[in-house]
Amino acid sequence: MDTLLANLLTLAVLVPLAAAVVLALLGGKLPGHGRISAWVAIGSVATAFVITLVAAFVYQQASTESVVGTYYTLIELGERSLRLTYAVDTLTILLFGLVTFIATAVMVYSTEYLHEELAPGGVLDPDVRVPGHVPFIRPGRYNQFFATLSFFVASMLLLLIAGDLLTMFVGWELVGITSYLLISFYRERPLAGAAATQAVIVNRIGDTGFLIAMMALWSGVGTLSLFSDASGSTSLLSWAASSEASTTLLTVASIGLVLAAIGKSAQVPLYIWLPNAMAGPTPVSALLHSATMVAAGVYLLARTLPLIPAEILLGIAYLGAITHIWGGCLALAGTDFKRVLAFSTISQLGLMFIGIGLGSRDAALFHLVTHACFKSLLFLAAGAVIHGCSTGDLRRLGGLATKMPWTAGTMLVGVVGLIGLGIPGLQFGLSGYYSKEAILAQAAAFAEANPIHGLLYYLPLFGAGLTALYAFRLWYLVFWIRPRDEGTYAHAHPAPPRMRAVLVVLAAAAILAAMPIPGLELSVWQSIHATAGGEPRSAEWLVGLSLPTADAHHDAEHSMVAELSALVATVVGILLITAVYIWRQLDPSELAQRFETPVRFLRREGRVEAFYNTVFVAPTLGLASGLRWLDRHAIDPVIHSLAHMWIVLARWQDVFDRRVVDSAVQGLSDRLWSWGVGLHLWQTGRLRQYVLMMTAATTAIFLIATFVWNLTRSP
Amino acid sequence: MTPLVWLSLIIFAPLVAAVVVACLPADRPGPLRWITLAGLMAPLLLAKFLVVMPADSGVAFVLGEPDVQSLVQVDWIPTFDIEYLLGLDGLSYPLLVLTAALSVLAWIASWTITKGLKGYCLLFLVLATGMLGVFLSLDLILFYVFFEIVLFPMYFLIGLWGGERKEYAAIKFFLYTLFGSVLILVGILILYFTSDLTQLSDAQLVGAHLSDRTLAEITAAREAGEEVHTFNIMALRALGQSTEVFADDFLFGKSADWWAFVLLAFGFLIKVPTVPLHTWLPDAHVEAPTPVSMILAGVLLKLGGYGLIRIAIPICPDAAWELSGVLATLGVISILYGALAALAQSDFKRLVAYSSVSHMGFVVLGLASGVSAGSGEVTTETMELGLSGAMYQMVAHGVVSAGLFFIVGMLYQRTGHRQLSRYGGICNLLPRLSALSLVIIFAALGLPGLCGFIGELFVLLSAWAYMPIVAGLAAFSLVLTAGYFLSAVQRVFLGPVYTGPNAEHLTEITTRELIVLVPLVLAAICLGVYPEIVLAVMEPSAELLAEQIAAGISQAAAGG
């Protein structure tokens, strides 16, 4: 049964991979202008989804909690070995289901969204400027898009099934490179290429952390496996739970892991790549840059939570809180539909970091799942708007609720899910309500136990209000208030049926994701909760820091406090923004004028990118140019002068030859004659003697050289 | 067939082809090219067949056997105990196959060369003989002879078929490496004159693979109380690891093995090349014709790394151990310096050349942590991992750098320039060429699943136990690597249109070019996905070497 489970999920990884390979090699030759490519890709990912469902069924019958095994051994080193392994538990299956489900939905949506890539005459890209002011037409890339997306799904699933850090790193890097390929999908646009490059470079800063963690743990523990296998072998988690675990090592490794997670999950200070990644097609933003790939950082921390010292967890929580608020502020001021959603993603990932940092892996993962549902919905709704209006500029949209009611309705579901609206006490609300409440309850319990860190409760509470503000602002600007650009409004057309259907499916998921499945004793929360993970470590040097137990967010008292205060914050946020845009109590433009400085600061996104360019990028490039200069003007001149010295020596020798030797031997013939005579003496016909001469000469040179050196050295 | 014939054929088949080529008329390119190709294919096939030969036939490469196999031992110059001593083990075999394969691919890449074709064929074949000979030699003088043979054809290939500043580049290359060679020769002579085979026990004499004549000589010398010198690498290795013959004061209070190691390492590090001895490389690469760059990066740089792992480190383990900190520092400086310098280049080929400096730095770092026994948390396993990583990195870099230079060459051949800022839009113009190029570039980035990752991972994992800071800095270089390669990709392959000169010559990849590039791409994928195909060959030897070094060092620690 166990092997069946592992085989099934491995198959779920391999099927999209196979589809990607087939499409990459043969895609251009498929009939129907590549229309079939999409269905090959969707078929593969949907198959993976079905396999996951079967696996879930098998898992329920299985006796063990988790299945651990080895794909293959890279290298065997005495008792250690570097292996690629897998581990399957409830969380793996749950996230497999999540990824394949959303990927299938996004890909079906993409068949419509990228329809113009199929145009027989090529695609006209109005965003590309070429010399001569001719319209830019390029070949369609429908097949390439679906091949890359399939490859992404395979890589993401590999990341999830990984049973050790190395395998996870392989998946981690592979999703990174597919992200690169997809951000640069519109590669003719100058911003797309730069954004893709930036994404990889910033992520690689995090990857350095991942590598450092692997290096430290491998050297110190001798394994990279997270889980012990059936024979009870040493694993990182079992080592961390034992008394052998060294705090220094754990600290170094944790800092590395956190750095990796910050990069991938776009936290302060490495978040800048994510808004720029919106240069890719919108379905890519929905799948990679909000729902799945960027959550990998949270997943990594969730899996390695028992390795992280409590002090570092506290740092994670504060970092998450800062990111949560900063992302929310940027989203509130944003003027681009997709960028606002990207900042929202950053903010929500920050909330998950708070959950991890406060020791509640379950709440963070719960929010990861619900966020994936409503955020992919929001992005796909944004895609429908951009598809229908050809722009995502919030200053040119408005009043679209009448033009595209389905999109407006489903997006409203997403917005309500995002702000986590629900009725306290009744346990009724959209999916985001449950997960956000779980994190807030944990924060309330934490703040109660550690009053000095009360900020970690009030910041997310403030964040809840902020989320309500920017989420409803976005929705009002796009769908409700008076259209501000008549041309855009007039030409807006509703989403095609297939896109609409996907929106409805995802809206249903956003509503229901947190609810228990009737008839089955199974819900997302229970699946996460059933996954063994180990307790967070207790603090060693930060005296007095106490983490609440992982179940704190479920005790009634904290839950009630969290629910009520979150509801108040949210409702205040909603009322405030409604007062601005609907009731017109406050004039938005007047507000913008009154708060001109902060608004401009936020509109420029804090000038963080410019700051990084000045502080990090420019000095690095300067150093690089300096080294280039060093090669040309410092090292080479030394070499040249050495060479020159030889030439001078050779000239002297030439002079010596002509003046001394020539005059002595009187001309060339004489010299040849004497040479011949001279050589004759040595020509004994014995090879050994030649070699003896050769060696003797070389040795003599060596001895003279060392003698001379000796002289120069000794005073 | 005996090993003598088989291994000699591997080395000298190109030379035989060179003789045939010399007799052909110079004005008919067809026969010249095909005979050269045959002369280069023969070593590849012969080397590949070694793995499938039955183990008991005497001529075979048996997987899992850590020591030297298929030994050939013939007296060459008996007075000085110089032998024609050939053999293979897990350290040399992968590089032998790499060399043979890259020679063939580089030759196919040379198909368009018309200027002085006959001379080009001759030089190319002599070059191949030299390179193959280096990897098969187990006698120091024989090794040195082949090592030098490589130099001369390379000098002419750069100096006659190169670009604008070819004379400058060729002479710079020649002087740099000749300087290194002289140091190596002196190092070899120090080892020879301080060696004394009578110090070895009978069991060690058996392991050192000595000829009957030498054994008789040893018996006689023992009775007479004389010394017996040797150039036999295996015997020197046994001497260096288990006796004290090299440990006496030699010069300035340093022992013979210290001096020998410093001289040998200096010479080999020029070849690798290591900063600050690297400035020959960008010039030589940029001026050399594409196929010669492929050989230069793919094989010649490996001669340095191979020399270290075959000669300098096993024979002088104590000195290597003493100086491993210096080696590691040089390695990480090369990694960062090369990456940063690459970031500042505007010429695509120069960028790739500097990337070689950076990538080869990992080889030096891996070797350093491979000899770092006893320091930090280093175990024999860590050393083995470092040595394997260095070896793997050499093979992977051979594949990747040859591919990169070929890609630059294809673009240069079409457009006549290499300025990054004047490219753009290549993806749309040449989709197939671009797709294959991206795989090679991703491999160079160290993307998992492609060959560049494995070597770097092993080296990093091993280096941390020895010097965490150095390993951390080396890991950070991956950010810079992504920076320079991806900004090059952005400038060359992405973007809307090509604005540089000769746009009309931008044609899709030809069948001949596919024959060169596709094997490299496949190799990059296979080596990345299933490294076992190379590790199975090199691992037993790397393990043996790590154990020998560890034992040698502990011996010295106990003795000193």
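Where is the place of B:P276 in chain B? This residue lies in the loop between α10 and α11 of chain B, and the points below take up that loop along with other features of this predicted model.

1. Cis peptide bonds in chain B. The peptide bond from B:V275 to B:P276 is cis, with omega near 5 degrees. A further cis peptide bond links B:V272 to B:P273, where omega is about -10 degrees. B:P273 is likewise placed in the loop between α10 (256–271) and α11 (280–287) of chain B. Most peptide bonds are trans, so such assignments deserve mention.

2. Backbone of A:R607. Although A:R607 is not a glycine, its phi is positive, at about 55 degrees. The residue sits in the loop between α23 (596–603) and α24 of chain A. Most residues other than glycine have a negative phi.

3. The β1–β2 hairpin of chain A. Strands β1 (residues 67–77) and β2 (residues 80–88) of chain A run antiparallel and are joined by nine bridges. A:V68 has A:A87 in β2(A) as its bridge partner. Two residues lie between the strands of this hairpin, and A:G78 adopts a positive phi near 60 degrees.

4. Extent of the interface. About 6,000 Å² is buried between chain A and chain B, with 74% of it on carbon and sulfur atoms. A:R187, A:R204 and A:M215 provide 11% of the area that chain A buries against chain B, more than any other three residues. The contact involves 70 residues from chain A and 74 residues from chain B.

5. Polar features of the interface. Between chain A and chain B, 17 residue pairs are in polar contact, both residues being at pLDDT 80 or more. The count of salt bridges between these chains is one; the side chains of B:K172 and A:D636 form a salt bridge at 2.8 Å, N to O.

6. Composition of the chain A side. β1, α5 (165–183), α6 (190–221), α24 (608–665) and α26 (687–713) of chain A each contribute at least two residues to the side that touches chain B. The most comes from α6(A), with 17 residues. By class, the residues on this side of chain A comprise 40 nonpolar, 16 polar and 14 charged.

7. Confidence in chain A. Chain A has a mean pLDDT of 87, and 90% of its residues reach 70 or more. Within the chain, confidence is highest in α5(A), at 96, and lowest in helix α25 (residues 668–682), at a mean of 56. Over residues 682–688 of chain A, pLDDT stays under 50, and the model has eight contacts beyond four places in sequence for them. Where pLDDT is low, the predicted coordinates should not be read in detail.

Note on methods: Residues are numbered from 1 along each chain as its sequence is written. Chains are lettered from A and ligands numbered from 1 in the order in which they are written. Side-chain values use heavy atoms; hydrogens and water are left out. Two strands pair if DSSP finds at least two bridges between them. Helices (H or I, at least four residues) and strands (E, at least two) are DSSP runs, numbered from the N terminus. Contact means heavy atoms within 4.5 Å. Buried area is the accessible area (1.4 Å probe) that two parts lose on being put together, summed over both. A salt bridge is a side-chain nitrogen of Lys or Arg within 4 Å of a carboxyl oxygen of Asp or Glu. A polar contact is a pair of N or O atoms within 3.5 Å; within protein, one must be able to donate a hydrogen and the other to accept it, and residues adjacent in sequence count only if both atoms are side-chain atoms. Ala, Val, Leu, Ile, Met, Phe, Trp, Tyr, Cys and Pro count as nonpolar, Asp, Glu, Lys and Arg as charged, and the others, Gly among them, as polar. pLDDT is the predictor's confidence in each residue, from 0 to 100.
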